[in-house]
Amino acid sequence: MSEHGTEPDGGSGGPAVPAGPDPQGQEPVVPEPERALGELAAASPDSAEGPEPEDTWSPSGRARAIWDSVLAGNSFTVTVLAIFTALVVGGLVNAFSNNTVLHAWGNLFSAPGHAFAEAWDTAVSAYVALFEGSIFNPHTVAALFQQASIGTAFHDGFVSAVFNPLSETCVQATPLILAGLAVALPYQAGLFNIGGQSQFIGGAIVAAYLGYGISLPVVIHVVVCVIGSFAGGAALGWLVGELKARTGAHEVIVTIMLNYIMAYFLAYLLAYHYLMQAPGTVNPITLPIAGDAHLPLLFGTHLRINAGFLVALACAAAVWWLLARTTTGFEFRSIGKNPSAARVAGMNVERNWVLVMAIAGGLAGLAASTVIQGTDFTLDNTSFGTYGIDAITVALLGRGKPLGVVLAGLLFGALRAGAPLMQAQTGTPVDMVEVLQAIIVLFVAAPPLIRSVYRLRKAGGGGAALTLSKGWGS
Amino acid sequence: MTITERVPTVLAAGAAPASAFRRWLAPATFLVFGLIDIFVLGLNAHQGDATFAFSQPFAKVTVPNLTLPAATTCYVCGAITIAIAAVRAFVPLNTALRRTAMGLVSFLLVLSLLCWAAAGLTTAFNVVNLLQGTLAGSIPIMLGALTGVICSRSGVINIAIEGQLLLGAFMAAIVASGTGSLWLGLFSGALAGPLVGALLAAFAISYLVDQVVLGVVINLLILGLTGYLYDAVMIPYQNTLNSPATFSAIKIPLLGDIPILGPVFFDSTIFLYLTYIAIAGVQVGLFDTRWGLRTRAIGEHPVAADTVGIRVIAMRYRNVIAAGVIAGIGGAYFTIGSVGSFGKDMSSGEGYIALAAMIFGRYNPIGAISAALLFGFATQLQSILSTLNTPIQSNLLLMAPYIVTIIVLAGLVGKVRGPKAEGIPYIKS
């Protein structure tokens, strides 16, 4: 669970601030000889390349390099600052749409401190609830220590309760990571897949049908459902790729249209008993899938975390391997960088478009599988939720890289996991999470903006992964 | 990454050879339509006649009803469609004839659909209501598409039309309800578009963010923000903040009494008349004024435009922000133009349809409007058919406009070439 190292940034907003000054703090502990060497190293390029404006303190070479990189707004700094800024903006939105706070502002001149205190309380309590719902809730530990013995604590689920927020974060992150990969992979090949929703529905229909419609031996049933969902999503992805390759229809428009088509198609399937609607009900819902089609739970029955999380991590690793270590991945990346050059180099651009979209569709289908087989166990006409559009933010925050997608998925998974508690405790609507996601991505997408807000120096290539400046035609 | 390096890339990437598939796509689609006319609609039509009414109750001048034998009409339509498919397949036609063929085939399909739906009904099927609903329902799509045309022609891809519509709807509702003034509501709705447009412009033009991605993210932001404020502000104060009045229809004297055309074109809310002004303004503005020439110049070849002294970046900012007014008004229609109160995700993807209409209309105002009307017609047809208790499932009908969009983009219009510098930020060197 080391992935959660970055989580407090998202959950509380506090730790994001010290990220900058850290290297400064390390400065005095650098040993004397190394410092001298560093000064030498720092001095010689300076004299060669001209004066450095902020040379008032002389750190060691390595600390200097790190500090420069941080100041220059490398992609990590930009991401952390973007998340921090989004939390500040989100807190302001929250505080200024809250009735109590607005009332306090009304009495600003009679009790000026009160208004600020109310605004601060509203914003902070929402984030505290978000943190408690997604990472760690102190009340569960207090309850744990009141138990008579370790044995009863385990048996009655008090130990599980401590880990429940983390488990929920992973459960929420699972489909986000998979759907995020479905956006990130085509992004590397220069395609923008907004069709996560349609591919998710495609996968969900197959997974649910195989889950309740057929009976198979224990392990095989799960595997067949998972593979089926991949195929269901892949079929829709393939359609998009094929249309683009053969007719040039832009994938953005086609995927958006397919999202609506599949949503209505699902509603159609769930409207008739002879199609997929469960017998004896008027609700648009399927039968529950068979027990042996459930993804196995990882840590006992009290926690919902299941094998789907492992599937997501495995897929992230597989996508990394595909992109970094295979010829196909090299072709994808070449086409993403410059399709004309790739074509001249003898690559079949159209075939790769079809392939990458089919794989991406399959990944989105797997996301559906983890929802249908991991947590919901039935399919209804809201199962697809907002995974399709959340996947875009996940992929953008992760900069289209598999590891980045995993981390971004965990962050947004944490936001989703904490949102219900936040609404219950502070009355902040769960839509706040969508606002936060969009603002984070907006800031991440514009490193120059973050640099100018925080007065960071401009450096070459600092996290400008999204500044691609492409037209429709690519 | 200068402009001159990028342009050939953009051009070459789109020039994928796929001619055999394309060549047969249109005739094959026509053939399928013809077969649908005969076997799906004709064979399943109820016995009896389909009656169509062309005037509304209490109209000053009435037009007699038209009665057609339902099944026979379907067969005839199907036969003509298949004949057109054969012609389209084996006779080379010029562009105008190809479009005529497409229009004719679509019309015949719709006619058979209507005959099939209206066969054996006790009341006549009112065509005027269908057309009136089409025009009114297309207002957000038309206005959104016009905004898209201006932005694209200026060289900025605007996918945030959806966000502009949604924020327009939200602000119009909350202001009209809060102040009690519809005109203030309309004004605020119109202001929402430029707000989103300014966000888009800043990130796209100054911070060089990928414009397709940016538009989608802005839409997410607006979706989240309006959803959040709806829950946080509108739900608790439903009566004061989310129950605006709506504009009522204004019938234009004389013109409004023309049979068929009058009720369709000249008896509607202020929004339709504003749409007429917007269409005329954008069409004339883009092609007959100095502003239009400059706008098209910065969208096609910003370097050349800069050379002759046009301030490319400033003009792009101005155009993107100003164009937002049109989409903002389109958004306001959702609330104070039709149903009144605001609902979450109220624009429900019409901004994206506007985008598709813009591309379908080949980046021309008139073309975009025609495409928008086509989408509006499909939606309106669906909503009327669903009230007629036709055996077709409403979810399948709701899919129709989206499927039509894909078919249209995939082959029937051919390769659409946008402004050359669209989506490429201008970096002054």
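In chain B, α3(B) brings B:Ala70, B:Thr73, B:Cys74, B:Cys77, B:Ile80, B:Thr81, B:Ile84 and B:Arg88 up against B:Arg98, B:Ala101, B:Leu104, B:Val105, B:Leu108, B:Leu111, B:Ser112, B:Cys115 and B:Trp116 of α4(B), contact being heavy atoms within 4.5 Å. These contact residues split into 12 nonpolar, 3 polar and 2 charged (Ala, Val, Leu, Ile, Met, Phe, Trp, Tyr, Cys and Pro count as nonpolar, Asp, Glu, Lys and Arg as charged, and the others, Gly among them, as polar).

Keep in mind that this is a predicted model, where local features need pLDDT of at least 70, side-chain atom pairs count only at pLDDT 80 or more, and totals for chains, interfaces and linings use all residues. Residues are numbered from 1 along each chain as its sequence is written, chains are lettered from A in the order in which they are written, and side-chain values use heavy atoms, leaving out hydrogens and water.

Now the geometry. Helix α3 (residues 70–90) of chain B packs with helix α4 (residues 95–118) of chain B at about 160°, axes 9 Å apart; axes are lines fitted to C-alpha atoms, for helices over the stretch in contact, and angles run from 0 to 180 degrees between N-to-C directions. Helices (H or I, at least four residues) and strands (E, at least two) are DSSP runs, numbered from the N terminus. The pair α3(B) and α4(B) is therefore roughly antiparallel, the label for angles over 145 degrees.

On to the sheet: chain B has an open one of 3 strands, ordered β2-β1-β3 with mixed pairing, where two strands pair if DSSP finds at least two bridges between them. Its edge strands are β2 (66–69) and β3 (125–126) of chain B. α3(B) packs on this sheet, touching β1 and β2 of chain B, and its direction makes about 75° with that of β2(B).

Technical notes:
Angles under 35 degrees count as roughly parallel, over 145 as roughly antiparallel, 65 to 115 as roughly perpendicular and the rest as oblique.
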